[in-house]
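Please read the points below with the model open beside them. They are meant for someone who has not looked at this structure before.

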Amino acid sequence: MKKFNFIICLALTGLLLTACGDNSEISAPGSSVAENQSATTTEESETEEIDDENYETGDASLDNVRNQDGIGESELLVVSFGTSFNDSRRLTIGAIENALESAFSDFSVRRAFTANIIIDHVQRRDGILIDDVKTALDRAVKNEVKTLVVQPTHLMNGFEYNDIIDEVAQYSDAFDKIVFGEPLLTSDDDFRRVEQAIVDWTADYDDGKTAICFMGHGTEAESNVIYRKMQDLLTADGYGNYFVGTVEAEPSLEDVVKSVKNGDYERVVLEPLMVVCGDHANNDMAGDDPDSWKSVFEAEGYDVECIMRGLGENADIQRIYADHVQTAINSIN
């Protein structure tokens, strides 16, 4: 049987793993395959409540879903959780894909979403079909792709990142080479670059009277420590008016409000620390419900402004993903 190498650049470890043939088992260090398979995937991804959608999300036809055939021998598969917010999908995930296409002209860039609920909703509402990971991999096999580079747009090496690795591992005998790029926040250098990107992005709001608060998703996985690490880095580097919290983990909204109240601020700026500006940003952060971040800060007497954009729109963030892809490509023997 022909030997195939499956190379993974694992986030937070820098470890390179190789698996051959049909008997590959791939899991994150310190966890079993069973643990990875049974883990709940509520993490940094944009989990969306879409059943009661009653708002305009933009023109889906403007988005390139990147599920074309005619791939060629080399594919760069960009894997995202996804979002049903059409404009944000195009401006964030689409912008990352476009940047990677410009940087790696020898590869055909294709898209896969991990959230079938998003895929089904967009198809039902807009008549647009986006590949899930299995469909994208089957498409690559049908197109006789030989080298497959997989770049997730996830923030961290959490449950979902590991689930992607497990799913792709089932195809380890279908390609000559498969390599994985790391999530956005992996190395210390990644943290420094993301810090600089978000500080530069919000510089116009940094007037000494404004608390600049970033809302992440949060996860039950140990990788949730990225939010505290980003907060500690901002504080240590003198950005004492920058605050990081999460929707579903720690630091919580209550933690962020307490920290802001310890300062002498008149205004609060809210922005998602997420790749897309989807349901969480529009509802949990900027919504009118009394428990949204905006409403809670307004109830505390602050003038609140919400910046409705995802990290994927930021060119510096796009370059970090491109660098992770380059590292993965460099690992191919």
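Predicted model: local features only at pLDDT ≥ 70, side-chain atom pairs only at ≥ 80, totals over all residues.

At roughly what angle do the axes of helix α7 and α8 cross?

Residues are numbered from 1 along each chain as its sequence is written, and side-chain values use heavy atoms, with hydrogens and water left out.

1. Overall make-up. The protein chain has twelve helices and ten strands; these are DSSP runs, helices being H or I with at least four residues and strands E with at least two, numbered from the N terminus. Of the 333 residues in the protein chain, 56% are buried (under 20% relative accessible area; exposed is over 50% and partly exposed lies in between, with a 1.4 Å probe and protein chains only). Contact means heavy atoms within 4.5 Å. Among contacts between residues at least 6 apart in sequence, 78% join residues at least 24 apart.

2. The α7 and α8 pair. The axes of helix α7 (residues 188-201) and α8 cross at roughly 65 degrees and come within 10 Å. Axes are lines fitted to C-alpha atoms, for helices over the stretch in contact, and angles run from 0 to 180 degrees between N-to-C directions. On the α7 side the contact involves Asp188, Phe191, Arg192, Val194, Glu195 and Val199, which meet Ile226, Lys229, Met230, Leu233 and Leu234 in α8.

3. The four-stranded sheet. An open sheet runs in the order β8-β7-β9-β10 with parallel pairing (two strands pair if DSSP finds at least two bridges between them). Its edge strands, β8 (242-246) and β10 (303-306), each pair on one side only. On average, neighbouring strands of this sheet are turned by 25 degrees against each other, direction ignored. Helix α8 (residues 225-236) packs on the sheet and touches β7 (210-216) and β8; the direction of α8 makes about 175 degrees with that of β8.

4. Pairings within that sheet. β7 and β8 run parallel and are joined by five bridges, with Cys213 having Phe243 in β8 as its bridge partner. Strand β9 (residues 267-272) pairs with β10 in the parallel sense over four bridges, and Val268 has Val304 in β10 as its bridge partner. Although β8 is an edge strand, five of its five residues are buried: Tyr242, Val244 and Thr246 lie on one side, Phe243 and Gly245 on the other.

5. Strand β3 (residues 74-80) runs parallel to β4, with six bridges between them, and Glu75 stands opposite Ser108 in β4. β4 is largely enclosed by the rest of the structure, because six of its six residues are buried. Ser108, Arg110 and Ala112 point one way from β4, and Val109, Arg111 and Phe113 point the other way. Thr147 belongs to strand β5 (residues 147-152) and is buried, with a relative accessible area of 18%. Leaving out residues up to four places away in sequence, Thr147 touches Glu73, Ser74, Glu75, Phe107, Lys177 and Ile332.

6. Helix α4. In α4 (residues 116-126) the residues Ile118, Ile119, His121 and Val122 are buried. They span an arc of only 165 degrees around the axis, so they sit on the same side of α4 (the arc is that of the directions from the helix axis to the C-beta atoms). The buried residues of α4 pack against α2 (86-91) and β4 (108-113). Just after α4, Gly127 has a positive phi of about 70 degrees.

7. Nonpolar cores. A nonpolar core is a set of buried Ala, Val, Leu, Ile, Met, Phe, Trp, Tyr and Cys residues joined through side-chain atoms within 4.5 Å. The largest has 52 residues, and those with the most contacts inside it are Leu76, Leu100, Phe104, Val149, Leu184, Val194 and Ile317. Helix α12 (residues 315-330) gives this core its largest share, seven residues. Leaving aside neighbours within four places in sequence, Ile317 is in contact with Leu184, Val194, Ala197 and Leu311. A second, separate core of 19 residues includes Val79, Ala112, Val168 and Phe180.
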